[in-house]
Structure formats: C-alpha cells, structure tokens
Amino acid sequence: MIKYALGMAILVSSMAMSAMGQTARPIDKMFYSEPYSVVERGIFEASRRHAIYSYIISNMSTPGFDAMRYLPPDDQAELQSIIPSKQYTRDILLEFVVTKMSDNNRRDTALMTMWKNKKDSLQRIVTMGK
Amino acid sequence: MKHSLYYGVAILMVGIFSAPILGLGLDDALKYSATGIMVQKMRLTIIAQNIANVSTLKVEETGLPYQKQYPVVESTADGVRIKSIEKSNEPFSRYYDPPVPQSDENGFFYYPNINLPDEMMNMTYTEAMYEANISAFKTSKALYQAAIDALK
C-alpha cells in the first residue's frame, strides 16, 4: 500500500513538473532569449571597455605607466599595426584611446537601443498592450 | 590548435596583469576620470604657484630663492593620485648686480630655478589632459544617462 502511494506520488509530481516545464519554457525563451543575453553581454563589455579607456586617460601623464598592459587585445593589435615600435606608441596614445572611447560609446548606444526595444516589446506583452 | 592555445595564454596573461581593473562598470569609469581631473587640477595649481614665484628671491623657511615644485604622480587601483610634491634641485640662475640687497659678498644674487617657457608648456599639456579627463567623464555620464533612460 505504502509502495503504491509512493509510486503514485512520484508519478503525479513528475507529470506536474513536466507540465510546468512545458509552460515555463516559452516564458523563459521570451525573457531570457539568446539575442537578449548577447545584447546584455555587449553592454557589460562596453561598460568595461569604457572604464579601461577612462583609466588610461587618467594615467596619461603618470611616469612609467604602461597603457598596453590594460588595453583589450584587439586594441593592442590595432595600435601595434599603426605603430609597430613600442617606443612611439605613447605619442599617439591619447588620440587612439579617445577615438576608441568614441567608437565604444556608439556601440553602447546601439546596444542600449536594442535592449530598450526588446524591453518595450516585453512590457507591451506583460501589460497586454495597455 | 597551437595558435588558439597561444591566444588563450595571451588572454590569460592580459587578465592576470590587468586584474586590478577587470570586472569594471561605469561607476569605476567615473571614479577614474574624477581622480584624473583632480590630479590635473592640482598640477595646474602647482604650475600657477611656480609662475607666481618666478621672481621670489628669498623664501622665509629656507633662506634660498624659491625652488620649483612638481608633483610626483602614480597610478593606483582607484585611478591616479599625487604621491608627493617635490622641490627641484636644479641650480639657481645667477646674476651680477651688487646694489641688489639680496646679492652676496661677490655681488651675485640668485633667481629661482624656474624656466618660464617650460612652465607654460607644462600648463598647456596639463590643460589638454584636464580636458581629456573631462570629456571621458562627460561620456561616462552620457552612458549612464542612456542606461537610466532605457529603464523609463
């Protein structure tokens, strides 16, 4: 009898869990879709890069400060392609970092607009268009 | 395979060496720019003090002509800071003019070790750095504002 009751309980709970899973999955997809999280990661990355550029600008006049240590790898590669010799990188560093910051700013604005559009769509769904 | 391994190691090395400023956000960007602005402002103040004392022949404390001051700047995890303000040990300029009350027994008197064109150049450079930090701060503020507006 006890075994039968236990078996029934497991069966009912597994059915309930599978039913919940079926209903929860589309909502999960709606709120936590892959493009949405990609946009979020992009915003975090843009914020991180912005902080790095700010750090380099604030230390531009610090003697012995090695900005190459802090630049993201793609920026390092770009800077090295412009001026291969490390001796002269400091001469154009301010201009390089400021242009990169401006570029990053544009990217962040675009990502933020995408995020806002997605958020507005979700808001319309949740409030049923009200 | 080999190249991807090298790339991974390079990213790891960059991560290790730049660890103090990884995992950053806009708050940190504002903080860095703020410290940069303050340091450049302090530099400007010191330069202004040097220029103002360009003809000070005697300082009460030392009994010597005014010595050029300069800030020693270092980078920190919070951005940048002025570690100390040092006095220049460069030799003083010497002029021969016996009637001047400050002249010594040989008729020479000494001028501060300040080079005015150098100070003007430093001032222009510091001003540019100050403006760069202000621009960075304004950009951080704009990004912050965009994030706030997105939540409306």
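How many helices and strands make up the secondary structure of chain B? Chain B comprises three helices and four strands, where helices (H or I, at least four residues) and strands (E, at least two) are DSSP runs numbered from the N terminus. The model is predicted: local features need pLDDT of at least 70, side-chain atom pairs count only at pLDDT 80 or more, and totals for chains, interfaces and linings use all residues. Residues are numbered from 1 along each chain as its sequence is written, while chains are lettered from A and ligands numbered from 1 in the order in which they are written.

**View 1. Chain B and its order of elements.** From the N terminus, the elements follow the order α-α-β-β-β-β-α. Of the 152 residues in chain B, 22% are buried (20 or more other C-beta atoms within 10 Å of the residue's own, with C-beta atoms placed from the backbone).

**View 2. The hairpin of strand 1 and strand 2 of chain B.** Strand 1 (residues 69-76) and strand 2 (residues 79-87) of chain B run antiparallel and are joined by eight bridges; strands pair if DSSP finds at least two bridges between them. Two residues lie between these strands in the hairpin. Y70(B) is placed opposite E86(B) of strand 2.

**View 3. The contact between chain A and chain B.** Chain A contributes 29 residues and chain B 30 residues, with contact defined as C-beta atoms, placed from the backbone, within 7 Å. On the side of chain A that touches chain B, helix 2 (34-58) and helix 4 (89-126) of chain A are the elements giving two or more residues. This side of chain A holds 15 nonpolar, nine polar and five charged residues; Ala, Val, Leu, Ile, Met, Phe, Trp, Tyr, Cys and Pro count as nonpolar, Asp, Glu, Lys and Arg as charged, and the others, Gly among them, as polar.

**View 4. Helix 2 of chain A beside helix 2 (residues 26-52) of chain B.** The two axes come within 8 Å and cross at roughly 10°; axes are lines fitted to C-alpha atoms, for helices over the stretch in contact, and angles run from 0 to 180 degrees between N-to-C directions. These helices are therefore roughly parallel to each other (angles under 35 degrees). Residues that meet include S47(A), H50(A) and Y55(A) from chain A and L26(B), D28(B) and Y32(B) from chain B.

**View 5. Surroundings of Y53(A).** Beyond its neighbours within four places in sequence, Y53(A) contacts V97(A), K100(A), M101(A), N104(A) and A136(B).

Conventions:
Two residues are in contact if their C-beta atoms, placed from the backbone, lie within 7 Å. Angles under 35 degrees count as roughly parallel, over 145 as roughly antiparallel, 65 to 115 as roughly perpendicular and the rest as oblique. A residue is buried if 20 or more other C-beta atoms lie within 10 Å of its own, exposed if 12 or fewer, and partly exposed in between; C-beta atoms are placed from the backbone.
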